[in-house]
Amino acid sequence: MQPQNESRAITSCTECQRRKQKCSREWPCNHCQSRKVPHLCQFSVKKLQQDSPPESSWDNSSNDARGQKRSAPDSAEPKFISQNGEEEELEDGLKVWGYMPGHVHYKVGNGEDNYQRKDSPSELKTSDVVEKALHAIPPRSITDAFVNHFLSVVNYRYSAIYGPTLADQYVQWWADRGIGKRLSPELTCLLLRICAYSVQYLTPSMRKMVEFELACNSQTLTERFAAAAEQLSQSFEASNTSIERVQEQFLKGVWLKSESKIVESWHALSRTIREAQELGIDKDTGMEGLSEFDLEIRRRIWTLLYIWDWQMSAWLGRPNLIDQKKLTIQFPNLRLDQSTTEPALISPFAHMALQAHLGRMVATIMGDAHSVSELSAEQILAIESECEKFIGELPAVFRVKDPDTSLDEAHPYIVFQRHQLHCVIFITMLDCLKPYLTRVRRDKITDQDDDFRKKGIDIALRLLEVARRFFNHEFPINAKFHMVVFTIFDTATLLCSAIIHDHDHVLPHREEVMDAIESSLDMLHQLSLTTKLGATSYNFLFKLVQATPELSRHSPISKRQRQQSSCIPTTSLPEFAPAPAEPSIITPIDPALQFPIATTENGTLPPMTATDDLSFDLDQFLAQNPFGDIGDPSTLDMGGMKQIWDWENLHLDAYSQPGSNA
Ligand SMILES: [Zn+2]
Ligand SMILES: [Zn+2]
């Protein structure tokens, strides 16, 4: 399955050769794995450059650093052009025309692929920009804390960066900076993005420390990092890219999502994909010269982009940026993370690899259908049964029912990954049943409409259960993670649509559905205090419920409070600076209930900074936009939702039809 170099069968890895050890001759080999340096494990029979330390790849002043992670270039084989400089000139001649990596022209000289790019542009002008960007980087002890927090916590969301390499590079970066060496603009930019993302998710105690030390609130700080990164990033030329630049762009998209800027994030995704294609990450062909480590890292990045593209397109109704049917790379094999001490420990990329498999499975069944509304009954049944099969085959740590939690304590990121994966699976299952929940019953599509409606309700309820667990785990510190809000909002809105279209009152589990909407509203209310996306979502759903007599009658807010109070842990309810300046016209939820699970490791919680700069004042908004007169849905203020969610597919326009409510 994996590409096997002939050479590998006959030689030890370069590290084992150097250390005169018996190599298992399998990537990554036994010794490199146990020494936790799989990125140094390379197999090559040719002229080797393993003597240069890993950090030197950042040092553009020395020519010989270029071959560091590659086995093929600079080989002893006869070459068309022997001098490095001339070889680059040849490459430049092709690049200037925009020939993509792997194009036959790059093979004009010899059998080897020599199109490899420089690790970074060596332009002088970027050094000024780097110098400027350095002002945004705090003293080392604090930056260390951010990078550590990234590597030990937030990176595990997507595992977009391979930790051991970054740790090495980071240490070297400070060493270089100390002796006034030229710093890599790409790595500097990546570090700024890492800091920006890390600061979005600081623990309360870290935030306290940082805000004290830097005399600056964490929101300002994260924005400052992002702005510095952006400035640096804009000095890069499209024609000269690198893996660090793709990662940097990816983190930009991640950051934007957490800032509730979903549309901007999608545009960032688009640029990341282009950047990755420029580097040739999107295909495996012509990559013979790369080490297995590099291949694995590239495949991981492309896998992430593939997943994001699939999900944003399927869930938000946005056009695909990648051809989902033609996946031209192998998925990462994850051997990189095999643990020699804990064999049961799964790769931190496993949850993403699983999502990619799920996405590809759905794409295969969908065939030429452009959207789920074009699917036949057979296709829907096939997707549902494949998903159930997928659930049944999940690794023990990720099982939906009775997961193996024995590693959770030592590796807390597993919990997050489990919840994230579960949400993705159920959203995927629900997605193709949505058309059946958002239309009136007599408006038939297939013979199995009733079955699909029932199935849709079942899955939506299961999804909200999963979402509730996710919420409980992430709130309030990580509530900015968009998927928490999205899952709750999207599902609850769908259920509202189902109720609105259920003229005959035959919807299965109708009462349960109404309760689920209510409990979603509760969660969104809490989220509205920490994220703008939460606030907008709450506002939207609240108005929708108010405007739907069945729903507003079913559960007045006071009832919601009572239900809620029964499940509140009695431990420390932190002080909280409530957002509303004046009492609003909605019955406010008892402030004591605002943070039902807000206990932290040290039992205290500083006020959420996000609240201070919430540009959207929910209560003021509601006061200015009284509900109850939503005759025409186009007048319903979506607060930016319209762009984000594919809300038209919810067919909420039932409002304006005679005979319905309003
Ligand atoms: Zn070895
Ligand atoms: Zn090795």
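Ser 159 lies in the loop between α6 (140–152) and α7 (163–178), helices being DSSP runs of H or I of at least four residues, and strands runs of E of at least two, numbered from the N terminus. The model is a predicted one, in which local features need pLDDT of at least 70, side-chain atom pairs count only at pLDDT 80 or more, and totals for chains, interfaces and linings use all residues. Residues are numbered from 1 along each chain as its sequence is written, while chains are lettered from A and ligands numbered from 1 in the order in which they are written.

The phi of Ser 159 is positive, near 50°, in a residue other than glycine. Ser 159 counts as buried because 21 C-beta neighbours lie inside 10 Å; a residue is buried with 20 or more other C-beta atoms within 10 Å of its own, exposed with 12 or fewer, and partly exposed in between, C-beta atoms being placed from the backbone. A positive phi, of about 60°, also occurs at Arg 25, which is not a glycine. Arg 25 is found in the loop between α2 and α3 and is partly exposed, with 15 other C-beta atoms within 10 Å. Most residues other than glycine have a negative phi, and most peptide bonds are trans.

Another cis peptide bond joins Phe 475 to Pro 476, with omega near 0°; Pro 476 is in the loop between α18 and α19 (482–500).

Helix α3 (residues 30–34) contains Gln 33, which is buried, with 20 other C-beta atoms within 10 Å. Neighbours within four places in sequence left aside, Gln 33 is in contact with Pro 28, Pro 38, Gln 338 and Thr 340, a contact requiring C-beta atoms, placed from the backbone, within 7 Å. A separation of 8.2 Å is found between the C-alpha atoms of Gln 33 and Asp 337, which are 304 residues apart along the chain.

Overall, the chain has 26 helices and zero strands. Of its 662 residues, 44% are buried. Among contacts between residues at least 6 apart in sequence, 73% join residues at least 24 apart.

Apart from neighbours within four places in sequence, Leu 541 is in contact with Phe 489, Ala 492, Thr 493, Ser 520, Leu 521 and Leu 524.

The axes of helix α18 (residues 449–474) and helix α20 (residues 510–527) come within 11 Å and cross at roughly 25°; axes are lines fitted to C-alpha atoms over the stretch in contact, and angles run from 0 to 180 degrees between N-to-C directions. Helix α18 is therefore roughly parallel to α20, the class for angles under 35 degrees, with those over 145 roughly antiparallel, 65 to 115 roughly perpendicular and the rest oblique. The contact is made by Ile 457, Leu 461, Leu 464 and Phe 471 of α18 and by Glu 512, Val 513, Ala 516, Ser 520 and Met 523 of α20.

Definitions and conventions:
Two residues are in contact if their C-beta atoms, placed from the backbone, lie within 7 Å.
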